[in-house]
Amino acid sequence: MDVFDAIQTMLAVRAYADKPVAPDAVRRIVEAAWLTGSSMNQQPWRFIVVQERETLRQLGALAKSGPYIAKAALAVVVVIEESPYAVSDASRAIQSMMLAAWDEGIGSNWVGFHGLDAVKPLLGIPDELDVFAIIPFGYPAQPVGKGYKQRKPLDQIAHRERFDQPYPG
Ligand SMILES: Cc1cc2nc3c(=O)[nH]c(=O)nc-3n(C[C@H](O)[C@H](O)[C@H](O)COP(=O)(O)O)c2cc1C
């Protein structure tokens, strides 16, 4: 899939088919995170791949805004070190994973934004690290609309040369 096509068509997928994701595709998702650039190349992150159904269920119960994690084929728990850049770095890695998955026909969504401390004992995550987000992945349960995005009009958020001139104009 062309990169722009992927960006244009990818939507949040919160309902997953009961179909496993092949190990090669899982590996590509993890490699997409691994290969992402970070500030000063510090890579202040860890990615925990969860595929055991009982652990996915427990993650779904702990993440109030993502109960559907319970039904995902897998989830990647994104853990960050203390660094002023960790949020930006991890966010880039998350987008890389989501786009790499989308290219394989696999949907995903972003769940949480810090505040997931209860996940630490479940996955043996050291106290000094922060559970930043959980990304569930799976084949979409329903066909996903191609291309339509509910977004503000382009000329309300983009500008040409100066703030008072809308882009494209
Ligand atoms: C930082 C961040 C946190 C998010 N947290 C959640 C969440 O906790 N639960 C959820 O269902 N979706 C979450 N989302 C997904 C957004 O709701 C989604 O990206 C947005 O509604 C656009 O969806 P669309 O691309 O399908 O139009 C989050 C997205 C971001 C970028």
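Q: Let's start with Ser-38. Buried or exposed?
A: Ser-38 counts as buried, because its relative accessibility is 13% and the cut-off for buried is under 20%. Keep in mind that this is a predicted model.

Q: Where is Ser-38 placed?
A: Ser-38 sits in the loop between helix 2 and strand 1.

Q: What does the side chain of Ser-38 reach?
A: The backbone nitrogen of Gln-42, at 3.3 Å.

Q: And which residues is Ser-38 in contact with, leaving aside neighbours within four places in sequence?
A: Gln-43, Pro-44, Trp-45, Asp-89 and Arg-92.

Q: Gln-43 is on that list. What about its phi?
A: Phi of Gln-43 is near 50°, which is positive, and Gln-43 is not a glycine. Most residues other than glycine have a negative phi. Gln-43 lies in the loop between helix 2 and strand 1. Gln-43 is partly exposed, at 33% relative accessible area.

Q: What is the phi of His-114?
A: About 60°, a positive value, and His-114 is not a glycine either. His-114 is in the loop between strand 3 (107–108) and helix 5. With 29% relative accessibility, His-114 counts as partly exposed.

Q: Backbone again. Which residues does a cis peptide bond join?
A: Tyr-167 and Pro-168, with omega about 5°. Most peptide bonds are trans. Pro-168 is in the segment after helix 6 (154–157).

Q: OK, ligand now. Which residues surround the ligand?
A: Leu-11, Ala-12, Arg-14, Ser-65, Tyr-68, Asn-109, Trp-110, Val-111, Gly-112, Phe-113 and Arg-151. That shell divides into six nonpolar, three polar and two charged residues.

Q: What are the polar distances?
A: A side-chain N or O atom of Arg-14 is 2.8 Å from a ligand oxygen. Arg-151 has a polar side-chain atom 2.9 Å from an oxygen atom of the ligand. For Asn-109, a polar side-chain atom lies 3.0 Å from a ligand nitrogen.

Q: How much of the ligand's accessible area does the protein cover?
A: 59% of the 640 Å² that the ligand has on its own.

Q: Switching to packing. How many residues are in the largest nonpolar core?
A: 48. Val-77, Val-78, Met-97, Ile-134 and Phe-137 have the most contacts inside this core.

Q: Which elements each supply at least two residues of this core?
A: Helix 2 (23–34), strand 1 (45–50), helix 3 (53–62), strand 2 (74–80), helix 4 (86–103) and strand 4 (130–138). Helix 4 gives the largest share, nine residues. In soluble globular proteins, nonpolar side chains tend to be buried together.

Q: What does Met-97 touch, not counting residues up to four places away?
A: Ile-29, Ala-32, Ala-33, Phe-47, Val-76, Val-78, Ile-135 and Phe-137.

Q: And Asp-103?
A: Asp-103 is in helix 4. Asp-103 is partly exposed, because its relative accessible area is 32%, between the 20% and 50% cut-offs.

Q: How far is the C-alpha atom of Asp-103 from that of Met-1?
A: 5.8 Å, although the two residues are 102 residues apart along the chain. Asp-103 touches Met-1 and Arg-28, not counting residues up to four places away in sequence.

Q: Last one. Is Lys-120 buried or exposed?
A: Buried, at 9% relative accessibility. Lys-120 is in helix 5 (residues 119–123). Not counting residues up to four places away, Lys-120 touches Ile-125, Pro-126, Asp-127, Leu-129 and Val-131.

How values were computed
Residues numbered from 1 in each chain as written. Predicted model: local features only at pLDDT ≥ 70, side-chain atom pairs only at ≥ 80, totals over all residues. Heavy atoms only, no water. Near = heavy atom within 4 Å. Polar contact = N/O pair within 3.5 Å; in protein donor to acceptor, adjacent residues only side chain to side chain. Areas by Shrake-Rupley, 256 points an atom, 1.4 Å probe, with all protein chains shown as cover. Nonpolar A, V, L, I, M, F, W, Y, C, P; charged D, E, K, R; others polar. Core = buried A, V, L, I, M, F, W, Y, C linked by side-chain atoms within 4.5 Å. Buried < 20%, exposed > 50% of the residue type's maximum accessible area, 1.4 Å probe, protein only. Helix = DSSP H or I, 4+ residues; strand = E, 2+ residues; numbered from the N terminus. Contact = heavy atoms within 4.5 Å.
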